[in-house]
Amino acid sequence: MAESLDRGLDELSRQRVWDALDRFRIEIPSWGFANTGTRFGKFTQAAAATTIEEKFADAAQVNALTGASPTMALHVLWDLPNGLADVPKIQQLEKSTGIQAGSINPNLFQDQKYKYGSICNPSAGIRGKALAHLLDSVAIGRALGSRDVSLWIADGSNYPGTQSIRRRLEWMQEVLAATHAALGPEQRMLVEYKPFEPAFYHTDIADWGMALELARRAGPKAKVLVDTGHHLQGANIEQIVAWLLHANALGGFHFNDRKYADDDLTLGSIDPYQVFRIFHEILSDASSGTAGIAYMIDQSHNLKGKIEAMVQSVCAAQELYAKAASIDQQRLRSLQDECRLVEAEECFREAFWQDVRPLVRAWREARGLPPHPLRALADSGYVEAATRERGARNSAAVASYA
Ligand code: LRH
Ligand code: MN
């Protein structure tokens with residue numbers, strides 16, 4: 001027991017970790033670079049990105065430093081306000097920055113007409129407008145060649161008796177079926193759930209079971225998206241992940257961290273063990289079903305420097321993925337099935353407590369990347385340059401969310 005517990009990482013595990021880092025990619029959100037806040041206010045940052053050009057430039061900087069974030073998620077109304085007409089500009093930026101457009105996120109939560117909902121709204125006319133935006137988003141994804149259209153539906157109600165949960169469910173299903181029918185052969189639609197906010201009595205897609213049933217009824221190209229901040233306190237997120245893998249319905253993740261609600265804090269900043277446990281469920285799944293999982297970050301950096309926070313998050317994701325990849329799955333499997341509880345737990349915990357940073361740094365150097373991305377960012381003067389270029393405009397602009 002003592003000998004096996006105190007094992008450094010053997011050559012096999014090192015190779016496993018490097019292989020894992022070579023294939024690990026995590027998508028970053030364009031809105032993570034923009035000025036954001038809470039309903040109580042927004043503290044603007046001089047270096048924040050406002051234009052799509054600046055968002056692609058910042059994403060390119062993060063990818064150059066980490067080697068793990070070659071795609072950027074786009075939010076349609078924030079990044080392509082002219083819809084399909086903005087596709088050539090995005091394609092130009094993809095060429096000039098090397099960053100590819102990632103998941104396409106429709107905006108069905110800002111417009112005044114969505115006060116009582118978008119795809120669940122009692123008004124067929126408003127549901128039609130919401131569907132039109134979803135079909136635009138599918139067309140944009142198709143034109144850009146990006147795989148995922150990622151749907152977060154904010155719809156719900158604030159008081160019991162004010163809306164029919166059943167009729168809204170029927171209306172929503174119709175729109176999701178029509179959206180699924182419009183998907184191209186390579187496209188998927190991801191259904192994101194959230195228990196509350198902005199609705200505070202019922203949310204039409206509130207948990208994983210609802211999202212799974214809706215995805216199943218919509219069709220084979222529909223999968224579930226797990227935003228780690230979208231669970232009630234005490235929910236066992238890695239068990240939900242295990243179930244979605246079992247159901248071959250896990251489309252992807254929005255990683256962030258939280259202490260209380262959908263706090264959108266940086267990945268691994270509050271509960272890194274949570275992300276480790278999620279990665280373990282995926283890496284211990286030998287089936288091919290995990291290959292298509294979309295790892296994405298969804299955060300709002302209200303106080304931290306936005307580019308620094310994004311680099312921090314990608315590095316934390318790489319380190320936690322490396323820790324999970326260092327687990328000797330065979331050994332753990334036999335200890336679990338022989339109910340050797342303490343040894344199994346120690347085999348699991350040992351990987352989490354393993355300091356993989358020297359190994360990750362060595363991998364970075366071997367891949368021609370800076371061993372300390374945050375230090376390299378500071379040395380690059382990139383943030384200072386952005387502050388000089390964008391400062392004047394940002395201090396003037398107090399735009400709405402992102
Ligand atoms: C909703 C959400 C969703 C995005 C938004 C920026 O809370 O997680 O994924 O559209 O954040
Ligand atoms: Mn999200």
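On a 1 Å grid over the protein atoms alone, a cavity is a set of points where a 1.4 Å probe fits but cannot get out, whereas a pocket is an open set with protein on both sides within 12 Å along at least five of seven lines; lining residues have an atom within 4 Å of a point. Grid points are joined across faces, edges and corners, and a volume is the space filled by probe spheres set on the points. The structure is a predicted model, in which local features need pLDDT of at least 70 and side-chain atom pairs count only at pLDDT 80 or more, while totals for chains, interfaces and linings use all residues. Residues are numbered from 1 along each chain as its sequence is written, chains are lettered from A and ligands numbered from 1 in the order in which they are written, and side-chain values use heavy atoms, with hydrogens and water left out.

One cavity of 30 Å³ or more was found in a search of the whole structure. The volume of the largest cavity is about 30 Å³. Its lining consists of Lys194, Pro195, Phe196, Gly229, His230, His231, Ala261 and Asp262. Three of these residues are nonpolar, three polar and two charged (Ala, Val, Leu, Ile, Met, Phe, Trp, Tyr, Cys and Pro count as nonpolar, Asp, Glu, Lys and Arg as charged, and the others, Gly among them, as polar).

The second largest pocket holds about 520 Å³ of space. It is lined by 28 residues, of which Arg147, Ala291, Ile293, Ala294 and Tyr295 are the closest to its centre. By class, 14 lining residues are nonpolar, seven polar and seven charged. Strand E5 (100–105), helix H10 (272–283) and strand E12 (294–297) each contribute at least two residues, and the largest share, four residues, comes from E5. Helices (H or I, at least four residues) and strands (E, at least two) are DSSP runs, numbered from the N terminus.

The manganese ion (ligand 2) is coordinated at 2.1 to 2.2 Å by Glu192 (OE), Asp227 (OD), His254 (ND1) and Asp298 (OD). Donors are N, O and S atoms within 2.8 Å of the metal (3.2 Å for Na, K and Ca); water is not among the atoms, so sites may look incomplete. Glu192 in strand E8 (residues 188–192) and Asp298 in the loop between E12 and helix H11 (306–325) are 106 residues apart, and the pair links distant parts of the chain. Both Glu192 and Asp298 are buried (under 20% relative accessible area, with exposed over 50% and partly exposed in between; 1.4 Å probe, protein chains only).
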